[in-house]
Amino acid sequence: MGTFGKCKGGGRRSATRTTAPLLATVTTLARSQSAVLVDVSSTGARLRGTDLPETGEELFLNVEGVIAFGTVAWMEDAERGIAFESDLAASDETRLRQAVALARGLPPDIRAALDDWTLGVAR
């Protein structure tokens with residue numbers, strides 16, 4: 001899946017998505033774990049990781065100190081789509097966009113290596 005939802009051309013969501021190579025912490029009632037935030041909008045996010053929560057599970061997502069409550073809306077292989085209970089505050093969205101801009105300064109191979117290390121799949 002290339003992006004989370006569709007922001008143009010008949011998609012269900014109209015919120016702008018920001019590609020986000022950032023570390024996220026996913027917390028459910030049973031556990032807490034790391035994942036990679038693939039992209040984010042004010043209404044939801046796409047995560048990549050191992051053994052992430054299943055469709056319908058509720059969770060807290062913490063990225064760069066921005067915490068959102070949501071539900072897993074869909075799952076495909078190692079990716080999950082999270083629908084936030086309420087839209088992110090404008091200040092939180094700005095904070096994440098700034099963190100993304102900083103993370104984009106890393107070369108793609110370094111970002112991929114960090115993702116692999118974070119998820120425990122580095123060799």
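The legends below describe close-up views of a predicted model.

Residues are numbered from 1 along each chain as its sequence is written, and side-chain values use heavy atoms, with hydrogens and water left out. Because the model is predicted, local features need pLDDT of at least 70 and side-chain atom pairs count only at pLDDT 80 or more, while totals for chains, interfaces and linings use all residues.

**View 1. Helix α1, residues 90–103.** Helices (H or I, at least four residues) and strands (E, at least two) are DSSP runs, numbered from the N terminus. The 14 residues of α1 reach 20 Å from the first C-alpha to the last, close to the 20 Å expected at 1.5 Å a residue; the expected span is 1.5 Å times one less than the number of residues.

**View 2. Buried and exposed residues of α1.** Glu93, Leu96, Ala99, Val100 and Ala103 are buried (under 20% relative accessible area; exposed is over 50% and partly exposed in between, with a 1.4 Å probe and protein chains only). Seen down the axis of α1, these buried residues fall within an arc of 125°, so they line one face of the helix. The arc is that of the directions from the helix axis to the C-beta atoms. Ala90, Ser91, Ala101 and Leu102 are exposed on the other side of α1.

**View 3. The largest cavity and its lining.** A cavity is a set of points, on a 1 Å grid over the protein atoms alone, where a 1.4 Å probe fits but cannot get out; lining residues have an atom within 4 Å of a point. The structure holds two cavities of 30 Å³ or more, and about 40 Å³ of space lies in the largest. Volume is the space filled by probe spheres set on the points, which are joined across faces, edges and corners. Val40, Leu61, Val63, Val66, Ile67, Ala68, Phe84, Leu88 and Leu96 line the largest cavity. Leu96 is also one of the buried residues of α1. β4 (58–63) and β5 (66–76) each supply at least two lining residues, and β5 gives the largest share, three. The lining has nine nonpolar, no polar and no charged residues (Ala, Val, Leu, Ile, Met, Phe, Trp, Tyr, Cys and Pro count as nonpolar, Asp, Glu, Lys and Arg as charged, the others, Gly among them, as polar).

**View 4. Asp51 in the loop between β3 (44–48) and β4.** Most residues other than glycine have a negative phi. Asp51, not a glycine, has a positive phi of about 55°. Asp51 is exposed, at 57% relative accessible area.

**View 5. Glu64 in the loop between β4 and β5.** Glu64 is not a glycine, yet has a positive phi of about 55°. At 43% relative accessibility, Glu64 is partly exposed.

Notes: On a 1 Å grid over the protein atoms alone, a cavity is a set of points where a 1.4 Å probe fits but cannot get out, and a pocket is an open set with protein on both sides within 12 Å along at least five of seven lines; lining residues have an atom within 4 Å of a point.
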